[in-house]
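Welcome! Take a moment to look over the structure below, and then we will walk through how two of its chains meet.

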Amino acid sequence: MILPIAAGSSSDVGGRLVAERMGTALGRPIIIENVPGADGSIGVDRVARARPDGYTIEFGSLTANVLNGAFYSLSYDLLGDLTPISPVAAAPYVLYAKASLPAKDLKELIAWLRGKSQQGVCGRHRGHLPHADGTLSERNRDPVHPCPLSRLSPGNAGLGRGSHRFFV
Amino acid sequence: MQDLAAGRIDFLFETAVQLPFTRSGNIKSYAVTSDARLMQAPDTPTFSEMGLPSFSYSGWTAMFAPKNVPKEIIDKLNAAVVEALADQGLRSRLADLGLEVYPRERQTPEALNAQRKAACRQMVADHQRASAAIP
């Protein structure tokens, strides 16, 4: 199973858990290979070119298997070169804010953004649901300043699990 | 997320895997993009509840094979995914990672094909809307 992401992210851990349980169902273990890079398009390319015997599969995602079509000139056909097996899980998003923001709920947040003389700063991952924060900007006639961040690094997974507070 | 905790940025869209951070007191959550509230954050409303239904939007994970894999092999792999996802222990561990397993009736190759095509259409529509918004 190709995971087109770096080891240690939450999707990586999720893919490994599913692979382990699938291995039990199939009666043989599934070997994981992380093929990160170019937001997953290198790993998807490997799967698209693999021998079609069922021994190479991909734990894909909205980012790797759809959104990359908007960011890259791909060497494969996103729809034509990959055969669907099954959806696995939805990954909804949460709007997090620093605790010191005065707004108590979303309506107050929007009012706060509209009333502010300066822009609010919204962290943004490229290829990472640009839809949502973009829409928020639009609705508020752009009082939101996007702050580009690097893609999730394995250290973030540790942050998420609470195993460490900060990483460099 | 560390920039948010330190107050260098004001807010951030991230998956539910970061929810345990809200217990630290440095970070709070305003709303979730799922259709229903998350089990891990029962006090955080959905965007729909707050009057913004256009924010019902999630990333997803899915299983793919190369093209031209025979249908009987796809069916066998699909059956293995279905069996794995029926495991309550696995579902609960995935939920902790912010991954909400789709219901059994969605766990088909046809459903994934429809899902990725719908996502492609949405992407093109968003791109056109964003391009039109640039003066």
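This is a predicted model: local features need pLDDT of at least 70, side-chain atom pairs count only at pLDDT 80 or more; totals for chains, interfaces and linings use all residues.

**How much is in contact**
- Chain B brings 85 residues to the contact, and chain A brings 87 residues.
- About 8600 Å² is buried between the two chains, with carbon and sulfur atoms giving 66% of that area.
- Phe11(B), Tyr30(B) and Met63(B) supply 11% of the area that chain B buries against chain A, more than any other three residues.

**Charged and polar links**
- Four salt bridges are found by the rule across the interface of chain B and chain A.
- One of them joins Lys67(B) to Asp81(A), and the closest N and O atoms of this pair are 3.2 Å apart.

- Several elements of chain B give two or more residues to the side that touches chain A, including helix 1 (2-5), strand 2 (27-32), strand 3 (58-66) and helix 4 (109-133).
- Helix 4 of chain B gives the most to this side, with 13 residues.
- Sorted by class, the side of chain B that touches chain A holds 48 nonpolar, 22 polar and 15 charged residues.

**Strands that pair between chains**
- Strand 1 of chain B pairs with strand 4 (residues 82-98) of chain A in the antiparallel sense, over five bridges.
- Within strand 1 of chain B, Phe11(B) is the bridge partner of Ala97(A).

Technical notes:
Residues are numbered from 1 along each chain as its sequence is written. Chains are lettered from A and ligands numbered from 1 in the order in which they are written. Side-chain values use heavy atoms; hydrogens and water are left out. Contact means heavy atoms within 4.5 Å. Buried area is the accessible area (1.4 Å probe) that two parts lose on being put together, summed over both. A salt bridge is a side-chain nitrogen of Lys or Arg within 4 Å of a carboxyl oxygen of Asp or Glu. Helices (H or I, at least four residues) and strands (E, at least two) are DSSP runs, numbered from the N terminus. Ala, Val, Leu, Ile, Met, Phe, Trp, Tyr, Cys and Pro count as nonpolar, Asp, Glu, Lys and Arg as charged, and the others, Gly among them, as polar. Two strands pair if DSSP finds at least two bridges between them.
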